[in-house]
Amino acid sequence: MAFAAMESPAVFDPEPIRDEIVKVFRAIRPYTVREINEQVVRGQYEGYREEKNVAPDSTTETYVRMKFFIDNWRWSGVPFYFFTGKKLPEKSSEIVIHFKSTPHQLFAGQCSGSSCNKLIIRIQPDESITLRFGLKMPGAGFTVKQVGMEFRYDSLSKTHLPDAYERLLLDAMLGDSTLYARSDALEASWRFIDPILHHWKEEGSKNLFFYDPGQNGPLERMMLGAGSMGAPCDSCG
C-alpha cells in the first residue's frame, strides 16, 4: 500500500524512498471504535481451531478486509481497500487501481454505478500489469465491451525471477535497505493497527466471522458494501 501511495522521491536511493513511505503511514486516518466495527471485517476459516497447536477457542483471525483513508493532499477522500487471508481460492498479491466512472455514461455495456476501467499490478505469482477498459464492439452501433491488455514480466527474458524472500536476502547481502521497513515506519503503522487489535481482544469472539476453505473470505465481508469494495460488475467479463 505504501509503495503504491507514496510520492516520488527526489532521488532513487533507499533513505528518500523510505522517507516517503513513512509519510504515507503517518497520514492514515485512525479508526474510531465504531469505524472498526463498520469498516474492518475479520474472519477465521472453518477447521482452523482443529489445526495442530491451535487453541479450540482461538479467536486468531485468518482473514482481514478493511477500508481506510489516507489524509494527505493527493489521496484525501479516496478509499483504500485491503484484504488478505489464508485458505482462499488462489494465492496472489496484487494492486488494483479502479478509475472513476464518467459523470454520464452514453454507451450500452458500460458498467453502471462504478467504472470497470482498472489497472491491475500483479506482484506475485506471474508478475504482470493488466489494463482493463471499455472498447466499442466492431460493427454498427455503440455497444461497449470490457477488454484487457496484459504485459507479463517474464516475457522480457527467461531469467529466473527471485521470489520475495530471495530478493530480500540478496538485498541484505548487498547492503540495500530499500525494501526493508525502517523503525519509524513500523511505529507509524503500529499506531494505526494496534487499536484494532486491542478492540478485537476486548471483543473476544464477537464479530469474528467464519468461512469455508476455498471461499473468498466470510460472506460478512460484503457488509462494507459491494460497490464500495470495488466488486466487479456483471458486464466486466
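Predicted model: local features only at pLDDT ≥ 70, side-chain atom pairs only at ≥ 80, totals over all residues.
Residues are numbered from 1 along each chain as its sequence is written, and side-chain values use heavy atoms, with hydrogens and water left out. Local features need pLDDT of at least 70 and side-chain atom pairs count only at pLDDT 80 or more, while totals for chains, interfaces and linings use all residues.

The protein has 5 helices and 8 strands, taken as DSSP runs (helices H or I, at least four residues; strands E, at least two) and numbered from the N terminus. Their order from the N terminus is α-α-α-β-β-β-β-β-β-β-α-α-β. Of the 237 residues, 28% count as buried; buried means under 20% relative accessible area, exposed over 50%, and partly exposed in between (1.4 Å probe, protein chains only).

The whole structure holds 13 salt bridges, each defined as a side-chain nitrogen of Lys or Arg within 4 Å of a carboxyl oxygen of Asp or Glu. Three of them are listed below.

| Pair | N to O distance |
|---|---|
| Asp-19 and Arg-182 | 2.8 Å |
| Lys-23 and Glu-20 | 3.3 Å |
| Arg-152 and Asp-154 | 3.5 Å |

Salt bridges that share partners join Glu-15, Arg-18, Asp-19, Arg-182 and Asp-184 into one network. Within the pair Asp-19 and Arg-182, Asp-19 belongs to helix 2 (residues 14-27) and Arg-182 to the loop between helix 4 and helix 5, 163 residues apart. Asp-19 is partly exposed at 35%, whereas Arg-182 is buried at 17%. Lys-23 and Glu-20 both lie in helix 2, 3 residues apart, and Glu-20 is buried with a relative accessible area of 13%.

Ala-188, in helix 5 (residues 183-203), is buried at 3% relative accessible area. Leaving aside neighbours within four places in sequence, Ala-188 is in contact with Phe-25 and Arg-26, where contact means heavy atoms within 4.5 Å. Val-22 is 166 residues from Ala-188 in sequence, yet their C-alpha atoms are 7.1 Å apart.

Patch residues have over 30% relative accessible area and no salt bridge; like charges are joined within 9 Å and nonpolar side chains (Val, Leu, Ile, Met, Phe, Trp, Tyr) within 5 Å. Tyr-153 sits in the loop between strand 7 (144-152) and helix 4 (164-174) and is partly exposed at 44%. A patch of negative charge gathers Glu-46, Glu-50, Glu-51 and Asp-212. Glu-50, in the loop between strand 1 (40-45) and strand 2 (63-69), is exposed at 64% relative accessibility.

Notes: Areas by Shrake-Rupley, 256 points an atom, 1.4 Å probe, with all protein chains shown as cover. Lys, Arg positive; Asp, Glu negative; His and termini not counted. Charge placed at Lys NZ, Arg CZ, Asp CG, Glu CD.
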